[in-house]
Amino acid sequence: MRRVEWRGDLFVADLDEVSARLVAWPLIPRPFRHTLTFFLHPVDGDWDVATAIRMRAYRNLPEVSADAVAAALSSGVEGKLQAKSPLGRVEQLGPVLLRTMPDGGAPLLTSRGRVYRVHSVRVSAREHRSFSAGAAPPFGTAAELRRITVDRTRMLFRIDAAAGTVTSLGELGPRLEIKAPTRATVDTVRQALDPGGAIRVRPNASLALLFQDELRQRIDPASAGFPEMEIKFDVPGGLVDDDADTVAEAIADTFEVLLPAPARIERVRRYHVCHDGDAGAECTVVETASGRLSAKRKRGERRLGLALLRDTIASRTTDADGALCSVDHFTGELGWTCMAMFEKAQTKIPFGLPEGRAYLVSLDRCTAREGRLDQVEIEFIGTVPGSPFPTAQTVADDLALLGEWLVAGPLGCRLAPGSGSKHAFFRATA
């Protein structure tokens with residue numbers, strides 16, 4: 001029987017409102033609380049998302065933690081091996097058992113003549129509800145055919161290939177999936193659940209966390225005392241989806257790409273523009289989809305040639321260890337006052353120069369009820385291990401040349417010199 005599926009992500013701050021509408025439909029019981037999705041990559045090639053396969057399993061974990069995942073792998077996890085195409089089609093490859101190797105390494109298995117190693121696992125706490133007319137226990141095929149699945153919490157873990165150790169990479173935020181026989185039914189249910197449009201198709205959050213982790217291993221970041229250095233452009237006509245592909249292709253043609261294909265980090269976050277009484281500081285609370293919060297404080301804005309320099313204090317690991325509380329409580333503890341909020345959809349493409357210095361092109365689409373600001377930035381992020389650390393003047397010279405390269409490229413005719421920070425823009429429009 002034909003089935004149409006739609007998946008969307010939302011911020012945990014919006015989950016209660018959606019959940020209040022979900023209770024109108026009966027809960028379909030399941031014997032297991034947790035869904036485990038293991039991602040496996042061939043051992044005979046470079047790390048590549050396109051060649052990955054997955055194994056789906058169901059367990060009742062005592063807790064969602066690295067230790068619980070490691071214990072499950074040590075005892076063995078049975079599940080269904082699958083290959084998923086970019087278009088969403090799933091090929092069933094049969095049942096398998098994953099177990100930590102006798103030497104402690106990550107699990108291996110052979111499928112279709114290739115050996116695969118487990119690289120990561122996503123753990124979800126799920127619930128299923130039927131919106132089929134008259135659905136009630138025991139639920140049959142009709143009830144399952146018209147179903148809403150909610151991943152209330154999702155966490156991602158990396159599994160080290162050599163030691164088999166499990167490391168938490170952070171939380172992904174809630175996700176909702178609607179299944180029905182027709183697109184019209186799916187759209188009707190979406191509108192009933194989410195009239196305000198809080199649930200949207202988002203970038204692959206798992207891939208963003210994996211690539212953030214991968215980049216940390218490939219780059220030595222600037223020391224805490226080194227200023228944030230970047231060059232900034234406004235895009236008055238706005239960015240579109242294809243722009244990220246265009247910039248990524250230009251980078252691949254000119255520089256050393258620092259991540260596997262698709263070589264970019266895509267994420268969506270909310271930023272709460274605040275002030276702390278210091279007129280020279282820009283204070284922002286960063287909110288992830290999972291509800292994790294961290295504080296970002298920038299001050300001392302100055303110029304070195306075309307480069308913008310600021311002294312910045314920010315967290316690089318908000319997804320994993322950010323505070324779990326309300327924004328009001330968080331700002332109250334800091335003594336900050338919130339003035340505005342905007343949402344930023346961001347594509348970050350890291351690359352390296354021959355001398356080992358590493359930079360990041362960031363395409364930012366920022367929206368709020370009061371306005372929209374699209375910008376493209378090039379930011380210094382550190383050095384490839386073994387490379388000498390540069391002076392601020394060297395980085396400023398690099399940024400001037402990289403800015404010329406960007407303006408001469410395919411987006412150049414749409415770029416304008418950066419008019420200011422996002423903090424200042426949304427503070428002014430509030």
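Guide: Ala263 lies in the loop between β13 and β14. Strands such as these are DSSP runs of E with at least two residues, helices are runs of H or I with at least four, and both are numbered from the N terminus. The model is predicted, so local features need pLDDT of at least 70 and side-chain atom pairs count only at pLDDT 80 or more, while totals for chains, interfaces and linings use all residues. Residues are numbered from 1 along each chain as its sequence is written, and side-chain values use heavy atoms, with hydrogens and water left out.

Ala263 has a phi near 65°, a positive value in a residue other than glycine. Its relative accessible area is 12%, so Ala263 is buried; buried means under 20%, exposed over 50%, and partly exposed in between, with a 1.4 Å probe and protein chains only. Pro262 is in the loop between β13 (256–257) and β14 (265–275). The peptide bond from Ala261 to Pro262 is cis, with omega near 5°. As background, most residues other than glycine have a negative phi, and most peptide bonds are trans.

Another cis bond runs from Pro137 to Pro138, with omega near -10°. Pro138 belongs to the loop between β8 and α3. Phe131 is placed in the loop between β8 (114–130) and α3 (141–145). Phe131 counts as buried because its relative accessible area is 12%. Beyond its neighbours within four places in sequence, Phe131 is in contact (heavy atoms within 4.5 Å) with residues including Trp25, Arg146, Arg147, Ile178 and Val189. Arg147 is 16 residues away from Phe131 along the chain, and their C-alpha atoms are 6.0 Å apart.

Asn60 sits in the loop between β4 (53–59) and α2 (66–75). With a relative accessible area of 36%, Asn60 is partly exposed. Not counting residues up to four places away in sequence, Asn60 touches Pro31, Phe32, Arg33 and His34.

Next come the cysteines. A disulfide is a covalent bond between the sulfur atoms of two cysteines; here it is taken as a pair of cysteine sulfur atoms within 2.5 Å, and by this rule there are zero disulfides. The cysteine sulfur closest to that of Cys274 is in Cys338, and at 4.4 Å it is too far for a bond. Cys274 is buried, at 0% relative accessibility. Cys325 is in no disulfide, and the nearest cysteine sulfur, that of Cys274, is 12 Å away. At 30% relative accessibility, Cys325 is partly exposed.

Now the whole. The protein has 10 helices and 22 strands. A compact globule of 430 residues would have a radius of gyration near 22 Å, and the 23 Å of the protein agrees with this; the radius is taken over C-alpha atoms, and the globule rule is 2.2 Å times the number of residues to the power 0.38. Along its principal axes the C-alpha trace spans about 70 × 50 × 40 Å. Of the 430 residues, 50% count as buried. Among contacts between residues at least 6 apart in sequence, 70% join residues at least 24 apart.
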